[in-house]
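Hello,

Here is the structure for you to look over. My notes follow below it.

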Amino acid sequence: MTVVSPTAAPVSKAPARRDIGIKRRYAAERRFRAYGIAALAFGIVFLFLLLSTVFRNGYTAFQQTAITLPVTFSEQLIDPGGKRASDPSVLVSANYAAVLRDGIVAKLGVDPQSRADVRAANAMLSKGAPIQLRDMVVANPALIGQTVNVTVLADAQIDSANKGQIDLTVPESSRKVSDKQVGWMQQLTEAGAMSKQFNTGLFTSGNSSRPEAAGLGVALAGSLYLMLIVLALSLPIGVAASIYLEEFAPKNRLTDLIEVNINNLAAVPSIVYGLLGLAVFINFAGLPRSASLVGGLVLTLMTLPTIIIATRAALRAVPPSIRAAALGLGASKMQMVFHHVLPLAMPGILTGTIIGLAHALGETAPLLLIGMVAFVVDIPGTPMEPSTALPVQIYMWANEAERAFVERTSGAIIVLLLFLIVMNLGAILLRRRFERRW
Amino acid sequence: MNMLSDVALEKALEKKTMKQVPLKMTGKDVSVYYGDKRALFDVNLDVRENTVTALIGPSGCGKSTFLRSLNRMNDTIEGCRVTGTISLDGEDIYSPSIDVVELRARVGMVFQKPNPFPKSIYENVAYGPKIHGLARSRADFDEIVEASLQRAGLWNEVKDRLHEGGTGLSGGQQQRLCIARAIAVSPEVILMDEPCSALDPIATARVEELIHELRANYTIVIVTHSMQQAARVSQRTAMFHLGNLVEENDTDKMFTNPDDQRTQDYIMGRFG
């Protein structure tokens with residue numbers, strides 16, 4: 001028996017016509033995907049261009065041409081009066097250029113009477129080579145009177161020619177390496193006296209106006225000091241400020257104002273921080289010019305807003321249920337923050353800090369204003385001594401006219417990029433290490 | 001602490017003559033404001049010792065607000081203000097002489113969503129005793145952890161993986177872990193804010209059973225949306241509506257013959 005309700009709706013009814021534009025929707029989705037892929041490809045192409053240019057120009061900077069030749073430390077040239085026992089300064093002021101010149105002339109078999117040939121032969125060696133000989137003799141005066149095989153750096157032009165960077169097809173008069181020198185280079189290479197070695201000087205030497213002797217040692221030390229100072233100051237200050245603002249400070253007009261200002265400070269051009277540092281740390285506080293201490297302080301000011309913003313975001317991302325759980329157990333606010341919220345926010349804080357540090361590592365403009373753009377030869381022993389930094393060194397080398405500085409500049413960029421990659425890798429590893437599920 | 005002897009208390013509970021059970025917490029003219037908005041209107045509600053008191057009512061009726069004012073969790077909400085008096089064993093918990101940290105150790109809380117710390121099961125339970133200095137040696141901690149997990153009925157399930165993450169447990173186990181964590185600091189009152197709303201029926205039954213067992217040692221106040229749950233676990237029920245306490249009565253009476261029409265309607269499912 002069936003009961004038919006009088007109000008029942010008709011069972012079969014044509015479904016309402018729907019116009020949802022399926023085709024248009026899918027087309028829009030396909031278009032959007034295509035845009036995305038195009039944007040990605042664009043980015044990858046430029047990244048590839050950047051990296052390939054830098055590496056093509058820069059990888060040769062990690063090798064340096066050196067020439068090995070027998071040098072006779074003749075007593076006649078170094079200490080003709082025989083006074084070195086009573087007056088060691090004789091050894092310092094002796095004419096080592098002549099000692100070296102005699103060595104290369106003998107090695108190449110050049111006629112010592114032809115002054116032009118002797119000059120051309122001597123020009124194949126770095127102008128810093130006599131200093132190397134001097135240091136050898138001062139360290140070991142017993143060398144006087146002996147003939148020793150010494151490896152000295154080749155001149156930057158010879159180095160460039162040896163690396164194939166000089167076009168030898170142009171007329172001799174319009175290039176810096178003469179046909180005669182090219183011949184000598186072949187002669188030396190065949191004798192095994194000229195070879196390319198790993199360029200340790202790039203990492204250990206200070207700046208120099210001779211490209212073959214110029215190194216990043218000062219810049220590396222300076223950047224290291226900068227990073228240590230920035231890390232030591234901005235991490236505790238930034239995290240403390242964020243915790244106070246996020247967890248303890250009352251929400252009123254003053255804290256709103258502070259928040260707006262922090263966000264604005266993050267967007268202030270870095271050169272303004274340089275001016276601030278110049279006015280406050282150097283002119284007012286009287287700290288030394290060009291010192292990495294001042295640079296570190298300036299970069300700390302610049303990095304703080306970044307770290308504070310990242311830390312606050314990380315603190316805010318900790319679920320409220322964890323806070324409620326801790327408070328509900330009778331933890332004080334401080335215990336809640338330090339036992340539960342901070343450990344959970346740690347990955348975000350570390351990521352923000354390392355991004356801020358990487359930013360500071362690559363910063364140039366504020367350092368120019370506080371004098372870290374100086375020509376510094378000696379590696380600074382303390383942050384109070386004059387120094388440069390990696391990006392500033394790149395800037396300075398990029399301004400040099402000589403061909404050989406092009407590869408140095410690119411080489412320095414590679415070193416800087418490696419530093420950044422290592423720091424970002426560190427950030428990823430730290431985040432993995434601290435990350436926890438909840 | 002107990003005004004009556006255990007036997008008398010048992011008898012009183014047995015006979016469901018709640019009026020004879022001593023009061024644990026009393027709320028007098030309690031009003032709560034969130035900024036300008038008033039969420040509770042002069043609520044007078046007593047919580048009796050070793051009793052499960054259920055707070056029921058439709059969403060937004062103020063039952064959770066009342067629960068949270070019992071251990072001052074409302075303090076953490078910006079702009080929240082409580083007037084009237086709430087006392088624990090006759091002492092006003094909002095008076096300046098009461099330390100909120102100590103209060104929360106005496107009045108523990110279990111939340112709607114299981115919220116174990118992202119640490120090991122052991123650390124979850126040991127955290128409260130650690131910050132309250134209830135244990136010194138490793139052995140003391142081990143004892144507290146084991147006893148708490150035993151009482152929460154979780155010991156047998158987790159004793160072999162105490163040092164694994166608390167968040168790796170199932171939802172029901174996590175909630176029982178939160179209960180173990182709450183009882184590890186030896187509270188007198190446990191507040192439960194819809195403790196089963198995120199759990200499946202089997203886990204819910206397990207937690208209800210646990211509430212039943214815990215009543216012997218603790219005073220429990222539970223907020224619930226489930227009428228059946230209120231009827232199953234509680235001896236006293238309070239019905240809230242629009243920020244007012246509509247009716248407070250013995251559970252049996254409440255669900256069979258309520259005094260107020262609105263309670264009747266709510267229980268029958270006519271609104272809510």
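This is a predicted model: local features need pLDDT of at least 70, side-chain atom pairs count only at pLDDT 80 or more; totals for chains, interfaces and linings use all residues.

Residues are numbered from 1 along each chain as its sequence is written, while chains are lettered from A and ligands numbered from 1 in the order in which they are written.

More on chain B. Its C-alpha trace spans about 55 × 40 × 40 Å along the principal axes. Chain B holds 11 helices and 10 strands (DSSP runs numbered from the N terminus: helices are H or I with at least four residues, strands are E with at least two). Of its 272 residues, 44% count as buried. Buried means 20 or more other C-beta atoms within 10 Å of the residue's own; exposed means 12 or fewer; partly exposed is in between; C-beta atoms are placed from the backbone. Take the contacts in chain B between residues at least 6 apart in sequence: 67% join residues at least 24 apart. Contact means C-beta atoms, placed from the backbone, within 7 Å.

Now the interface. On chain B, 20 residues are in contact with 17 residues of chain A. Helix 3 (100-106), strand 6 (107-110) and helix 4 (121-131) of chain B each give two or more residues to that side. By class, the chain B side has 10 nonpolar, 6 polar and 4 charged residues (nonpolar: Ala, Val, Leu, Ile, Met, Phe, Trp, Tyr, Cys and Pro; charged: Asp, Glu, Lys and Arg; polar: the others, Gly among them).

B:Glu194 is buried, with 21 other C-beta atoms within 10 Å. A:Ser290 counts as buried because it has 21 C-beta neighbours inside 10 Å.

Last, A:Ile166. It is in the loop between helix 7 (156-162) and helix 8 (179-190) of chain A. With 18 C-beta neighbours inside 10 Å, A:Ile166 counts as partly exposed. Beyond its neighbours within four places in sequence, A:Ile166 is in contact with A:Ser160, A:Ala161, A:Arg175 and A:Val177. A:Val177 is 11 residues from A:Ile166 in sequence and 8.3 Å away, C-alpha to C-alpha.

Best wishes

How values were computed
Two residues are in contact if their C-beta atoms, placed from the backbone, lie within 7 Å.
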